[in-house]
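Please read them alongside the model.

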Amino acid sequence: VLAACRYFATELWRVDGGLHRDTAERSFHLLLLKSGQVEVRAGGECHLLQPNRVVLVAGGQARFELEGKGELLDFYVPDLRLDILAPLHAAGHSREEIVALGGASERSDLRALS
C-alpha cells in the first residue's frame with residue numbers, strides 16, 4: 001500500500017505468473033501498468049495491458065485476475081478498515097506506519113481508525 005485515505009488507495013502490485021484480487025464488489029479498480037506485460041481478466045473480458053496504459057475494472061466485479069510479468073498500480077476507493085487496516089495490522093505493520101499512508105498524521109483518515 002503506497003497511500004490511503006477515505007477517497008482512494010494506491011497499491012503497488014508485482015505480478016510474476018498469476019494472481020487474483022477479490023474485491024467484494026466494493027469499488028472500481030483502475031490498473032496502471034508501470035512495466036512488463038500483464039493480462040487482466042474480469043467479468044468475462046480480457047485485456048492485455050501495456051506499460052503506461054490503464055484498464056478499468058468495474059465496481060460490480062467481485063474478482064479480477066492478473067497474469068504475466070510486470071509492476072502495476074491499483075487505484076480504488078477503499079473500505080479503510082477492511083482493505084487497509086486489517087491486512088496491514090495482520091502483516092505486522094505498526095500503527096504509525098499505517099497512519100503515515102494517509103499523509104500528514106494529524107489529518108490522516110487512518111489515525112482515528114487504527
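1. A patch is built from residues with over 30% relative accessible area and no salt bridge, nonpolar side chains being joined within 5 Å. In this predicted model, Phe 28, Leu 30, Val 54, Leu 56 and Val 77 make a nonpolar surface patch of about 410 Å².

2. Val 77, one of the residues of that patch, sits in the loop between S6 and helix H1 (80-90). Val 77 has a relative accessible area of 32% and is therefore partly exposed, since that class lies between 20% and 50%.

3. The largest nonpolar core contains 13 residues, and Leu 31, Val 40, Leu 66 and Leu 72 have the most contacts inside it. At least two residues of this core come from each of strand S2 (9-22), strand S3 (29-42), strand S5 (54-57) and strand S6 (63-76). S3 gives the largest share, five residues.

4. Another core, of 10 residues, lies apart from the largest one; Ala 4, Tyr 76, Leu 80 and Leu 85 are among its members.

5. What surrounds Leu 72, leaving aside neighbours within four places in sequence? Leu 72 is in contact with Glu 11, Leu 12, Trp 13, Val 15, Leu 31, Leu 32, Leu 33, Lys 34, Val 38 and Leu 66.

6. His 29 belongs to strand S3. At a relative accessible area of 3%, His 29 is buried, because buried means under 20%. The side chains of His 29 and Asp 74 are joined by a polar contact of 2.8 Å. Beyond neighbours within four places in sequence, the contacts of His 29 include Arg 21, Thr 23, Val 55, Phe 64 and Tyr 76, as well as Leu 56, which is also one of the patch residues.

Note on methods: Residues are numbered from 1 along each chain as its sequence is written. This is a predicted model: local features need pLDDT of at least 70, side-chain atom pairs count only at pLDDT 80 or more; totals for chains, interfaces and linings use all residues. Side-chain values use heavy atoms; hydrogens and water are left out. A nonpolar core is a set of buried Ala, Val, Leu, Ile, Met, Phe, Trp, Tyr and Cys residues joined through side-chain atoms within 4.5 Å. Buried means under 20% relative accessible area, exposed over 50%, partly exposed in between (1.4 Å probe, protein chains only). Helices (H or I, at least four residues) and strands (E, at least two) are DSSP runs, numbered from the N terminus. Contact means heavy atoms within 4.5 Å. Patches are made of residues with over 30% relative accessible area and no salt bridge: like charges are joined within 9 Å, nonpolar side chains (Val, Leu, Ile, Met, Phe, Trp, Tyr) within 5 Å. Accessible areas come from the Shrake-Rupley method with a 1.4 Å probe; for residues, only the protein chains shown count as cover. A salt bridge is a side-chain nitrogen of Lys or Arg within 4 Å of a carboxyl oxygen of Asp or Glu. A polar contact is a pair of N or O atoms within 3.5 Å; within protein, one must be able to donate a hydrogen and the other to accept it, and residues adjacent in sequence count only if both atoms are side-chain atoms.
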